[in-house]
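This report covers aromatic contacts and the pocket lining of one model.

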Amino acid sequence: MKKRWTIAALIGTASSMSGAQPVDPDLARNLAATCANCHGTDGRARDASAALAGYPEKRLLEVIEEFRSGRRKATIMHQLVKGYTPEQMRLIAGYFAAQKN
């Protein structure tokens, strides 16, 4: 009996051969958790730090870039943001934007 390949099987085979790893569904939350010391759990700050929950994703990415480039002054943010890739920053910004403030 002749085997028939489906598109899904071919894609699955190609993915496994390329070494692609499944994406962690909690990755955005886990990355955002690194911000909790200053910005509170899920971006709900309780002190002088900026609350990030519900902050528009596009604007948060703009502010992050301002820290990264040095256009926006900070005590530590300019150093922290340099430790993340652009994709990680998009995940973090998207996570905070999705939180209710």
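How many aromatic pairs does the structure hold? The structure holds 1 aromatic pair.

**Basis**

This is a predicted model, in which local features need pLDDT of at least 70, side-chain atom pairs count only at pLDDT 80 or more, and totals for chains, interfaces and linings use all residues. Residues are numbered from 1 along each chain as its sequence is written, and side-chain values use heavy atoms, with hydrogens and water left out.

**Aromatic contacts**

The ring centres of Tyr95 and Phe96 are 5.8 Å apart and the planes stand at 70 degrees, so this pair is edge-to-face (rings of Phe, Tyr and Trp, the latter by its six-membered ring, pair with centres within 6.5 Å; planes under 30 degrees apart are stacked, over 60 edge-to-face, the rest tilted). Tyr95 is buried at 15% relative accessibility, and Phe96 is buried at 1% (buried means under 20% relative accessible area with a 1.4 Å probe, protein chains only).

Arg72 lies over the face of Phe67, 5.7 Å from the ring centre (the criterion is NZ of Lys or CZ of Arg within 6 Å of the centre and within 35 degrees of the ring normal).

**Largest pocket**

The volume of the largest pocket is about 540 Å³ (a pocket is an open set of points on a 1 Å grid over the protein atoms alone, where a 1.4 Å probe fits, with protein on both sides within 12 Å along at least five of seven lines; the volume is the space filled by probe spheres set on the points, which are joined across faces, edges and corners). Its lining has 25 residues, with His39, Leu52, Phe67, Met77 and Leu80 nearest the centre (lining residues have an atom within 4 Å of a point).

Helices α3 (36-39), α4 (57-69), α5 (77-80) and α6 (86-98) each supply at least two lining residues (helices are DSSP runs of H or I, at least four residues, numbered from the N terminus). The most come from α4, with 4 residues.

Methods. Buried < 20%, exposed > 50% of the residue type's maximum accessible area, 1.4 Å probe, protein only.
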